[in-house]
Amino acid sequence: MARIVMKFGGTSVADLDRIRSVAARVARQVGLGDEVAVVVSAMSGVTNELIGFCQALSPLHDAREYDTVVATGEQVTSGLVALALQAIGVEARSWQGWQIPLLTDDAHGRARIRSIEGDTLVARMQAGQVPVVAGFQGLGPDHRVTTLGRGGSDTSAVALAAAIRADRCDIYTDVDGIYTTDPRIVPRARKLDRIAYEEMLELASVGAKVLQTRSVELAMKERVRVQVLSSFGDPAPPEEGRLPGTLVVDEDEIVEQEIVAGIAYSRDEAKITVRRVPDRPGVAAAVFGPLAEAHVNVDMIVQSTGADGSTDMTFTTSKSDLARAIQVLDAARGVIQYGEMLTDADVAKISVVGVGMRSHAGVASTMFRTLSDRSINIQVISTSEIKVSVLIAAEYTELAVRALHSAYRLDVA
């Protein structure tokens, strides 16, 4: 007998027929003798609709009221899935984040989990009940509902798996695993049997939308084994020693490690350049401190110093944070004393990721040469131990992904 968390994304619960299919899948898992907890997202399209309501009424809305609105999508789904399970003879009960409770900080709209109590759910599971937990939501220190950011149901599921000491957390989505890149762009992209936490974390952080970044961080910290697999169709019988999806595990569990695991891209990027900033100690803190206080995440920071004693600072943020970043920098202009601010939302970030890069030279040069050969200009570069990312014009996104996938021979089995 195993203890498993099964998480279903929005497309998996998009309508009543799919909810019935989810219930049948959960019932099969319970029938194997496993203890099962379920985490659900809002039905496909619902969260976007709710966000649209908030933005239409107030583009710079109160984040606490935003959370009150958007958290309702998961509440509806959890109740419907519980009803569907009960209808086929499986004892089930829905749970909201505040009922567990899943406690968070007060960063409304992108709250971080502080603690989660799993003993009550474990007792219910041991008694034969399936808890159906509304993902994405928690309870802040002011006793108001919080949400965990887009894709936060993944984080809810991993946190729950850690809290109840689950053997595995299965993330059901509309793809059957983690691929070397987006198969819609590169049809020959390969599904990976296993991928290291560090690789998945980098891929998630630079645009791969299969798992939310913080869910992978939490899985790595708590050593939760995560499987990504499809909720559509009947699952194929797994080969001996293999599961049907892709396992996200510790690097030590992967026998043969590729130099490059995958190519990721993100079109959700905006570039901001603050020009003619006085080149003095503390100027970076003056620019990025107010952004951090406003919970605006930045990436790919480049500073270039001119001959006139001033400096230019270029960085990226998400398109959704662009308006807030502009507002914050406008308000801080008197302190920063910059000359002008330029923005560009027509950019994309392309990233090459692999733990094998630690011990192999030439990965970055292959990337730069491949893009140069196709006349793709690189605007910004950032690196980590296992990642190289570049910012390019958005129109070249698909060309860059296809070229790099071939350059690293990822389409070769």
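This is a predicted model: local features need pLDDT of at least 70, side-chain atom pairs count only at pLDDT 80 or more; totals for chains, interfaces and linings use all residues.
Let's start at helix α3, residues 63–70, where the buried residues are Tyr66, Asp67 and Val70. Around the axis these three span an arc of only 100°, which places them on the same side of α3.

Now turn to the start of α3, where Asp62 brings a side-chain oxygen to within 2.9 Å of the backbone nitrogen of Arg64.

Searching the whole structure turns up two cavities of 30 Å³ or more. The largest cavity holds about 40 Å³ of space, and its lining is made of Val39, Ile100, Leu102, Ile116, Val133, Ala134, Gly135, Gln137, Ser156 and Leu160. Two or more of these residues come from each of β6 (130–134) and α6 (152–163). Sorted by class, the lining of the largest cavity comprises seven nonpolar and three polar residues, with no charged ones.

The second largest cavity has a volume of about 30 Å³. You will find Leu211, Ser215, Val216, Ala219, Val226 and Val248 around it. Helix α8, residues 213–222, contributes the most to this lining, with three residues. Here the classes come to five nonpolar, one polar and no charged.

Technical notes: Residues are numbered from 1 along each chain as its sequence is written. Side-chain values use heavy atoms; hydrogens and water are left out. Buried means under 20% relative accessible area, exposed over 50%, partly exposed in between (1.4 Å probe, protein chains only). Helices (H or I, at least four residues) and strands (E, at least two) are DSSP runs, numbered from the N terminus. The arc is that of the directions from the helix axis to the C-beta atoms. A polar contact is a pair of N or O atoms within 3.5 Å; within protein, one must be able to donate a hydrogen and the other to accept it, and residues adjacent in sequence count only if both atoms are side-chain atoms. On a 1 Å grid over the protein atoms alone, a cavity is a set of points where a 1.4 Å probe fits but cannot get out, and a pocket is an open set with protein on both sides within 12 Å along at least five of seven lines; lining residues have an atom within 4 Å of a point. Grid points are joined across faces, edges and corners, and a volume is the space filled by probe spheres set on the points. Ala, Val, Leu, Ile, Met, Phe, Trp, Tyr, Cys and Pro count as nonpolar, Asp, Glu, Lys and Arg as charged, and the others, Gly among them, as polar.
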